[in-house]
Amino acid sequence: MSRPWEQIALFDLHQPSAPDPVIDDATEIDAEHPDIEVLAEPETAAAQPPTPTAPGETPTVAAETPTAPAAEPEPTAPPSRPVWESLPVGAEADEHALIVTAAGTYTPSGRELTGPVDSVDKLDKLVRWAALTPLGSPPQVWIVGQGACESLGWVIDPGSEDDFDDMEALRTRAATDLTAVLQATLTPMLSAGWELRGDPGHVVHLSRSIGKFTSMVDVVIEPYVWTYWNKDFGWNNRVGEMGILGSPTAGTYLPDEDLPAARELGRRLAWSAKHLGVLPGPTPARTGAAIVDKIKRERTRTGKGLVVTTAGPVPPLDGAPRGDLEPAVGWTRVPDEQDLDGTCRLVSIDQRAAYLASAGMLEFGYGQPTHVTGGAAAAAAVGDKGAPFGLWRVTLPAAQTLSLPEKLPPPHPHMLADQPVQTWVTTVSLDGLCSPVADGGIGADIDDLDVTEAWVYPQQGRVLDKWAKILREARKVSVDTEDAATKRFLGSCYKGYIGRMVNPDMWTATRMAHHHQPLWRAAIIAHCRWRGRRVAMRIGREHNRWPVRTVTDSWVYLLAEGEDIADPSAALGKMSVEKDTPLTDPLRSALASAQDVHEVNLVIRAAFADDDFADDEGEGAL
């Protein structure tokens, strides 16, 4: 008796019936970390499963044998499932990705193509026959479920979590074992002309030369994605966000069963193709970069819009600060009786998609910066349109010499209370320091800041405006459809991309170098910080309430019943309520008796503990 796959003409072919997927020179790929796409799962048949057929034919379904009506089962409540798992599946990714499960092979939209793929040789024939095309990154074949991995011989047993003190040791061992297994089993594909780009792991990057063209495909092994992800996104011994696959801790990961998982994966792949215009990358940061590169190619082709083709590393600075050029704020104070009087809630507010909002608003510099000193540096900061994008060496006055609110952190993280500090700041902070105290600044003039040196960029513009617009509109779709999975993914995309602008090791390929923009990241962080301080000043004026803690773009207040300090606007960058918990007697007592800021931090963290894995808009994960 023949096995199901033997009935499929696909695996009898000695030559592909269609050309290999081709990536031309216009598609920018990092050979080490190309971007990835995801596939959808099929709808399950109500009767017997369809008999596998050759691609392009309509599967036939065996007729049901009439039977006597069965006794009607007792009604049971349907199992609850997340809203997003019921959203429709699109076909936008069908030409760019495939999903392979133990049961068979499917397009992201759910159309069954073949039966099980139970050997690497058949996987090779499937890839060449499918002729997938890139979409911002190489086409993708997703292996979903442990059963599909076992069919291909891709099985590892790194041990149990109980045998390791931390997940990193387990992840490292598993990643090493997976690479060894793949290297031992990929011989049929390598013999067929494919080449590995880098060591194989949870993503197997393959390329194949056909004349002057190079075809590429990424095979993504879903059950083993955690072997990479915990390295970048795991905290406190738990696996964090895993890109388009979701987060196990936040409840947005794929369903447990293979076919529901394949369906949901296909939905997310199609969603990404439709709303982002690219396949999801191997990390959220790579997805963000793929969107930037697609815009770059369009602008280069049409000659319309700003195009940045070079990296923007930090210029050589005399007296460069340790750590970030523009640190995110992190500050706590011990509440006093006035803070606690009449309050009954502990409330955290934060800026809605803060970094995304700033990325779309700011003008960023690019090109070769000019180094100016002395009077020329101070003069460069005063222009018809304000100071140009750049870095400025200024002297921050001692905070206690200024008329500033006592219950707010210093206007700039490098500022000290009792002595002036010479440091480097971006143009965003230069403007912020010159703003009135009521708007969050110190009311300084350029002369007050004693600008002695600067690096000024010759060109500037809203380079990320279209990128931010694409992500903003996609985010709105996620919010409107209650699609928490893609909403979290989008947050990881823009936070991850902006966060990794600072790291040149992420962008080592020549065609990826322009993503290394640490000054852009510094300007975005500074912009969010100043915007938050301006809101804190408004709340102080209007409500006489002052924060007890702030981290990045999040501010914690003690409030009375019904007191609302959030912004009424739903626009990005505006303050929304992140967490709101009752100020119980034990909590009030703990805050009242706190001796230092460390104790206050512990109390606040404990109070918000139930919200650890809530849908968080904060940008602190950068």
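These legends walk through several close-up views of one predicted protein model.

Because it is a prediction, local features need pLDDT of at least 70 and side-chain atom pairs count only at pLDDT 80 or more, while totals for chains, interfaces and linings use all residues. Residues are numbered from 1 along each chain as its sequence is written, and side-chain values use heavy atoms, with hydrogens and water left out.

**View 1. The whole chain, before zooming in.**
The protein chain has 622 residues, and 54% of them count as buried. Here buried means under 20% relative accessible area, exposed means over 50%, and partly exposed is in between, with a 1.4 Å probe and protein chains only. Its secondary structure comes to 16 helices and 18 strands; these are DSSP runs numbered from the N terminus, with helices being H or I of at least four residues and strands being E of at least two. The accessible surface is about 27300 Å², and carbon and sulfur atoms make up 51% of that. Areas like this come from the Shrake-Rupley method with a 1.4 Å probe, and for residues only the protein chains shown count as cover. Among contacts in the chain with a separation of 6 or more, 74% are between residues 24 or more positions apart. A contact, by the way, means heavy atoms within 4.5 Å.

In soluble globular proteins, nonpolar side chains tend to be buried together. A nonpolar core here is a set of buried Ala, Val, Leu, Ile, Met, Phe, Trp, Tyr and Cys residues joined through side-chain atoms within 4.5 Å. The largest one has 126 residues, and V141, W154, L276, W392 and W467 have the most contacts inside it. Helix α14 supplies the largest share of this core, at nine residues. There's also a second, separate core of 14 residues, including L340, V556, L591 and A594. Which residues does W154 contact, leaving aside its neighbours within four places in sequence? Among them are V120, L123, I143, C149, L182, L186, I221 and Y224, along with Q146 and T185.

**View 2. Helix α9, tucked into its surroundings.**
Helix α9 covers residues 354–361, and seven of its eight residues are buried, so it is largely enclosed by the rest of the structure. The buried ones are A354, Y355, L356, A357, S358, A359 and G360. What do they pack against? Their partners are the strands β9 (345–351) and β10 (364–366), plus the helices α12 (465–480), α13 (484–499) and α14 (518–543).

Strand β6 (residues 203–210) has six of its eight residues buried, so the rest of the structure largely encloses it. On one side, two bridges join it to the antiparallel strand β5 (residues 195–196), where E195 has S207 as its bridge partner. Strands count as paired if DSSP finds at least two bridges between them. The β5 and β6 hairpin has six residues between the strands, and G198 takes a positive phi near 85 degrees. Strand β7 (residues 213–221) also pairs with β6 in the antiparallel sense, over eight bridges, with R208 standing opposite S215. The β6 and β7 hairpin has two residues between its strands, and G211 in the turn has a positive phi of about 65 degrees.

**View 3. An open sheet of five strands.**
The strand order is β8-β16-β17-β9-β18, with antiparallel pairing. At the edges sit β8 (330–332) and β18 (575–582), each pairing on one side only. Inside the sheet, β9 and β17 (residues 554–559) pair over six bridges, and D350 has S554 as its bridge partner.

D258 lies in helix α6 (residues 258–275) and is partly exposed at 27% relative accessibility. Not counting residues up to four places away in sequence, D258 touches T101, A102, V144 and G145. A148 is 110 residues from D258 in sequence, yet their C-alpha atoms are 9.3 Å apart. Is N601, at 15% relative accessibility, buried or exposed? N601 counts as buried; this residue lies in helix α16 (residues 597–607) and touches T332 and R549, again not counting residues up to four places away in sequence.

**View 4. Two cysteines, C344 and C528.**
C344 is partly exposed, with a relative accessible area of 27%, whereas C528 is buried at 3%. The model has zero disulfides, counting a disulfide as a pair of cysteine sulfur atoms within 2.5 Å.
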